[in-house]
2 protein chains.
Amino acid sequence: MVDTAPPADAVGTRYGARPTMKDVAAHAGVGLKTVSRVVNGEAGVAQDTERRVREAIAALGFRRNDSARVLRKGRTSSVGLILEDLADPFYAPLSRAVEEVARAHGALLINGSSTEDPERERELALALCARRVDGLVIVPASRDHRYLEPEISAGVATVFVDRPPGRIAADLVLSENREGARAGVAHLVAHGHRRIGFVGDRPHIHTAEERLAGYRAAMSDAGLPVDEAWVAPGATDPERVRRDAGRMLGGAEPVTAIFAGNNRVTVTLVRLLAAAEHRTALVGFDDFELADLLSPPVTVVAQDPAAMGRRAAELLFARLAGAGGPPRRLSQPTRLVPRGSGELPPGG
Amino acid sequence: MVDTAPPADAVGTRYGARPTMKDVAAHAGVGLKTVSRVVNGEAGVAQDTERRVREAIAALGFRRNDSARVLRKGRTSSVGLILEDLADPFYAPLSRAVEEVARAHGALLINGSSTEDPERERELALALCARRVDGLVIVPASRDHRYLEPEISAGVATVFVDRPPGRIAADLVLSENREGARAGVAHLVAHGHRRIGFVGDRPHIHTAEERLAGYRAAMSDAGLPVDEAWVAPGATDPERVRRDAGRMLGGAEPVTAIFAGNNRVTVTLVRLLAAAEHRTALVGFDDFELADLLSPPVTVVAQDPAAMGRRAAELLFARLAGAGGPPRRLSQPTRLVPRGSGELPPGG
DNA sequence: CGTGGACTAGACAACGTTGTCAACTCTGGG
DNA sequence: CCCAGAGTTGACAACGTTGTCTAGTCCACG
């Protein structure tokens with residue numbers, strides 16, 4: 001069979017050798033700049049010349065080397081995204097939204113996961129800057145972003161999402177964490193609960209701190225005391241959540257409802273409560289797939305990660321397009337989604 | 001407040017101007033090449049000289065321009081990943097695994113979502129090649145990858161995952177789709193089902209085709225006839241799944257069990273069956289979070305997307321390290337996870 | 001037939017880095 | 001006092017592209 005044989009022409013395409021514009025020019029019998037013009041669709045090339053150049057390009061399998069182009073032009077048409085974990089169901093849509101906006105602006109997206117490690121965030125950010133990304137979208141793991149100062153003043157547009165930057169001023173897109181948590185806890189109060197627990201993320205994380213503040217605000221709004229035994233601002237690993245929640249649910253005056261500070265905590269609590277004797281009310285921060293199919297369906301305070309990613313990316317490209325002015329701070333509302341678990345009465 | 005003022009030193013760091021090695025050299029009073037040596041940790045620089053260079057680097061906020069470096073060296077230390085949708089819970093861990101392997105090899109990951117559009121896959125792949133990524137990991141949307149021939153022969157290592165490439169030979173990592181589906185359907189047969197439906201993805205997708213073949217094989221193994229009314233190799237959009245499954249479940253001889261061809265179909269069926277009168281057995285291809293918390297908990301044939309990503313990336317870096325030989329084809333086993341829905345008896 | 005303008009084309013420098021190579025400064029041994 | 005050799009250092013070209021500038025060709029018009 002003839003057509004399964006390797007292509008026999010291979011005019012100058014030895015393995016590993018990439019044809020350059022110079023090669024194309026030689027093959028087509030024209031000057032280097034003419035090839036450049038054809039490749040970039042610039043005007044001023046005669047039809048016949050253009051045809052010859054295109055044939056040479058096809059024959060050699062030429063593809064423009066964007067590294068050289070970038071070096072010459074100064075812009076890479078790529079942006080970087082650094083977040084905690086690309087595989088986290090909360091961040092995946094955010095990443096996807098940034099990608100879509102980038103694509104609409106003709107840019108590629110390079111992303112990296114910081115795994116909540118400040119040093120890794122820094123390494124990634126600087127590596128991306130060395131690649132000369134035009135801009136950065138960052139979900140911070142670090143508490144100090146002064147390392148970005150030279151980059152920002154060199155013109156790298158930078159937008160922070162989900163958590164504020166540390167020790168520098170920059171554009172920012174946040175969820176209304178405090179208000180969301182407050183509404184979620186108020187919802188439990190409205191359904192008759194007076195002893196409400198809070199299980200959240202490590203307190204040095206901004207969102208966790210805000211949500212805890214929202215919890216306290218709602219309790220205070222309702223004139224309810226907070227027993228510190230009801231508050232577990234610990235880690236989110238399942239073991240610890242089980243232990244902390246178990247403590248709240250035992251004892252003489254157990255909580256009748258729990259507010260979960262993020263989706264991982266919520267899921268762990270769903271498992272725990274499903275196995276428990278009493279029906280404890282539950283409201284979780286963050287929506288998650290299938291929440292409506294659990295029994296009882298889980299009431300949540302939903303964020304909109306795709307909208308956050310989209311707005312952050314739009315802010316970024318606005319800056320790249322030359323938008324000036326002081327750092328902007330956008331706030332993305334949350335939405336209470338009652339599904340059942342948050343409407344259980346006390347003493348179920 | 002003094003410390004909110006912009007940094008006043010700005011030695012040569014005008015906004016938008018990036019210091020180069022030349023600037024650092026001038027600032028430190030040394031030659032250009034000496035700066036290069038320090039930046040790259042090469043030997044042969046006197047301690048005192050090195051100190052002066054490092055001070056200049058810090059003072060100017062210099063960061064090496066990797067575009068220029070790439071142009072000179074030919075390798076970018078970055079790899080590309082193209083998949084259908086980064087936010088899909090099946091692909092997110094795959095992407096994450098590729099990232100981890102890339103990181104271990106000092107490479108950055110650039111990813112793009114093809115959204116199942118062949119033309120977009122092609123655009124993305126070529127854009128990545130123009131950036132001169134060292135290698136590509138691709139979950140194909142296209143059926144014809146001959147467009148990659150010049151790239152591959154120019155030395156871009158290429159590995160396909162989840163689905164085979166079209167019309168070219170290349171390294172490949174697949175799940176055992178056929179065997180997995182066969183085992184899942186056999187599991188239903190072993191629990192007494194004789195009329196089993198299949199709802200799967202569009203048949204031009206390789207995995208969908210294989211899973212359907214596995215379904216037919218299992219039925220044939222058991223000596224069971226397949227009524228074509230039980231087979232719905234349609235789209236995966238919820239409307240169509242509901243319609244097709246509804247048809248199988250109505251009529252004179254309704255199916256007593258359904259095998260779902262992927263996670264999106266499974267979730268739609270869970271919703272449908274939860275609202276139905278009879279309890280229909282269900283086994284789904286692909287695991288998903290919270291499957292164990294539904295009622296009944298969902299029995300699945302689990303793939304291991306992280307392992308697939310890891311193995312694909314390892315194959316890629318092995319090629320980049322010089323591994324020769326013909327294209328390799330790796331197979332990743334699936335695992336049947338009985339949880340309840342697949343063990344329901346017929347006629348529930 | 002001369003001239004101006006439109007159109008086409010290519011020579012050349014520059015982008016910021018790294019590899020090559022030559023040159024310089026010491027040191028110590030003969 | 002000379003020289004070999006080690007230890008430093010920098011000049012220069014090259015990577016592949018694009019911006020600038022000059023020059024040639026052709027046609028219409030006076």
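Student: How do the residues of the surface near DNA strand C divide by class?
Tutor: In this predicted model, that surface has eight nonpolar, eight polar and eight charged residues.

Student: Ok, and which residues come nearest to DNA strand C?
Tutor: Out of 24 residues around DNA strand C, the nearest are A:Gly31, A:Thr34, A:Arg37, A:Thr49 and B:Arg72.

Student: What does A:Thr34 sit next to?
Tutor: An N or O atom in the side chain of A:Thr34 is 2.6 Å from a phosphate oxygen of DNA strand C.

Student: Which element gives the most residues to the surface near DNA strand C?
Tutor: H4(B) does, with four residues.

Student: Switching over, what's around DNA strand D?
Tutor: DNA strand D is surrounded by 25 residues, and the closest are A:Met21, A:Arg72, B:Thr34, B:Arg37 and B:Thr49. Of the DNA strand D atoms that come within 4 Å of the protein, 59% are from sugar and phosphate.

Student: Which protein atoms lie by its phosphate oxygens?
Tutor: B:Thr34 has a polar side-chain atom 2.5 Å from a phosphate oxygen of DNA strand D.

Student: Which elements give two or more residues to the surface near DNA strand D?
Tutor: They come from both chains: H2 and helix H4 (66-73) of chain A, plus helix H2 (32-39) and helix H4 (66-73) of chain B. H4(A) gives the most, with five residues.

Student: What about its residue classes?
Tutor: Near DNA strand D there are nine nonpolar, eight polar and eight charged residues.

Student: Back to H2 of chain A. How does it sit against H1(A)?
Tutor: The axes of helix H1 (residues 21-28) and helix H2 (residues 32-39) of chain A come within 8 Å and cross at roughly 105 degrees. That angle falls in the 65 to 115 range, so H1(A) and H2(A) count as roughly perpendicular.

Student: Which residues make that contact?
Tutor: From H1(A) you have A:Met21, A:Lys22, A:Val24 and A:Ala25, and from H2(A) there are A:Leu32, A:Val35, A:Ser36 and A:Val39. Six of these are nonpolar, one is polar and one is charged.

Student: New topic: what order do the strands of the open sheet in chain A come in?
Tutor: The six strands run S7-S6-S8-S9-S10-S12, with mixed pairing. Strands S7 (231-232) and S12 (335-337) are at the edges with a single partner strand each, so one side of each has no neighbour in the sheet.

Student: In what sense do S9 and S10 of chain A pair?
Tutor: Parallel, over three bridges. One bridge joins A:Phe285 to A:Val301 in S10(A).

Student: And which strands does helix H11 of chain A touch?
Tutor: Helix H11 (residues 263-274) packs on the sheet, touching S6, S8 and S9 of chain A, and its direction makes about 160 degrees with that of S9(A). Helix H9 (residues 206-221) of chain A lies across S6, S7 and S9, running at about 170 degrees to S6(A).

How values were computed
Residues numbered from 1 in each chain as written. Chains lettered and ligands numbered in written order. Predicted model: local features only at pLDDT ≥ 70, side-chain atom pairs only at ≥ 80, totals over all residues. Heavy atoms only, no water. Axes fitted to C-alpha atoms, helices over the stretch in contact; angles between N-to-C directions. Parallel < 35°, antiparallel > 145°, perpendicular 65-115°, else oblique. Contact = heavy atoms within 4.5 Å. Nonpolar A, V, L, I, M, F, W, Y, C, P; charged D, E, K, R; others polar. Near = heavy atom within 4 Å. Polar contact = N/O pair within 3.5 Å; in protein donor to acceptor, adjacent residues only side chain to side chain. Pairing = 2+ DSSP bridges.
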